[in-house]
Amino acid sequence: MKSIINKELTPQGKEIRQKVFVEEQGFQKEYDEIDLTAEHLVLYDGDIPKAVGRMFRENPQKPVYTIGRIAVLKEFRGEGLGKVVVEELEQKAKKEGGTAIKLSAQCRVQKFYEKLNYRAVGDVFYDEFCPHICMTKEL
């Protein structure tokens with residue numbers, strides 16, 4: 001496995017997000033202005049892109065990073081790739097001076113993030129039609 005982090009959303013990253021979030025899960029507002037400033041990670045097995053995620057800082061004055069848009073293509077789920085994406089983004093944030101990570105998790109995958117030592121904060125909210133929960137982790 002190798003991961004490549006880019007300053008822009010690559011066609012491979014966009015294709016994974018399109019398949020997972022738009023086609024599979026039905027989200028309509030998948031792409032946003034954050035894509036223009038975030039760093040985008042694509043995880044490859046050889047030449048095959050299998051998973052994606054993004055990372056950004058909402059406030060350049062604070063060492064808190066936000067990760068999101070973590071997605072693994074359906075045919076590759078169960079291989080631990082989501083964990084690899086999250087851990088790679090955490091390592092990059094830490095290397096850049098980050099002290100904490102926050103994210104908005106779909107409630108159905110909250111336990112996945114809890115296994116990676118994230119904790120839920122606040123109340124459930126909806127992004128489009130889907131219940132989410134904010135989660136944080138100290139680095």
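**View A. E30 and its salt-bridge partner R17.** At 3% relative accessibility, E30 counts as buried; buried means under 20% relative accessible area, exposed over 50%, and partly exposed in between, with a 1.4 Å probe and protein chains only. This is a predicted model, in which local features need pLDDT of at least 70 and side-chain atom pairs count only at pLDDT 80 or more, while totals for chains, interfaces and linings use all residues. Residues are numbered from 1 along each chain as its sequence is written, and side-chain values use heavy atoms, with hydrogens and water left out. E30 forms a salt bridge with R17, and the closest N and O atoms are 2.5 Å apart; a salt bridge is a side-chain nitrogen of Lys or Arg within 4 Å of a carboxyl oxygen of Asp or Glu. R17 lies in helix α1 (residues 11-24) and E30 in the loop between α1 and β2, so the pair ties together parts that are 13 residues apart in sequence. Helices (H or I, at least four residues) and strands (E, at least two) are DSSP runs, numbered from the N terminus. R17 is buried too, with a relative accessible area of 1%.

**View B. The salt bridge between D35 and R54.** The closest N and O atoms of this salt bridge between D35 and R54 are 2.7 Å apart. D35 is in the loop between α1 and β2 and R54 is in strand β3, so the pair ties together parts that are 19 residues apart in sequence. Both D35 and R54 are buried. A network of salt bridges links R17, E30, D32, D35, R54 and R69. Side chains of opposite charge can pair when their charged atoms come close. A search of the whole structure finds 16 salt bridges.

**View C. The sheet of seven strands.** The sheet is open, its pairing is mixed, and its strand order is β1-β2-β3-β4-β5-β7-β6. β1 and β6 stand at the edges with a single partner strand each, so one side of each is left without a neighbour in the sheet. From one strand to the next the twist averages 25°. Two strands pair if DSSP finds at least two bridges between them. Strands of a sheet pair through backbone hydrogen bonds, either parallel or antiparallel. β3 and β4 pair in the antiparallel sense over five bridges, and the bridge partner of F56 in β4 is T66. Helix α1 packs on the sheet and touches β2, β3, β4 and β5, its direction making about 90° with that of β3. Here contact means heavy atoms within 4.5 Å; axes are lines fitted to C-alpha atoms, for helices over the stretch in contact, and angles run from 0 to 180 degrees between N-to-C directions.

**View D. Strand β2 and its neighbours β1 and β3.** Six of the seven residues of β2 (residues 39-45) are buried, so this strand is largely enclosed by the rest of the structure. β1 (residues 2-6) runs antiparallel to β2 and is joined to it by five bridges; N6 stands opposite H40 in β2. Seven bridges join β2 to β3 (residues 48-56), again antiparallel, and D45 has I48 in β3 as its bridge partner. β2 and β3 form a hairpin with two residues between them, and G46 in the turn has a positive phi of about 65°.

**View E. K50 in strand β3.** K50 counts as buried, at 5% relative accessibility. Its side chain makes a polar contact of 3.4 Å with the side chain of E79. A polar contact is a pair of N or O atoms within 3.5 Å; within protein, one must be able to donate a hydrogen and the other to accept it, and residues adjacent in sequence count only if both atoms are side-chain atoms. Not counting residues up to four places away in sequence, K50 touches residues including M1, I16, L43, F76 and L81.

**View F. Helix α2 and the end of its run.** At 1.5 Å a residue, the 15 residues of α2 (residues 81-95) should span 21 Å, and the end C-alpha atoms are 21 Å apart, which agrees; the expected span is 1.5 Å times one less than the number of residues. The buried residues of α2 are L81, G82, V85, V86, L89, E90 and A93. These buried residues pack against elements including β5 (100-106), α3 (110-115) and β7 (130-138). K92 and E96 meet in a salt bridge of 2.5 Å, N to O. K92 is partly exposed at 23% relative accessible area, and E96 is partly exposed at 33%. After α2 comes G97, with a positive phi near 95°.
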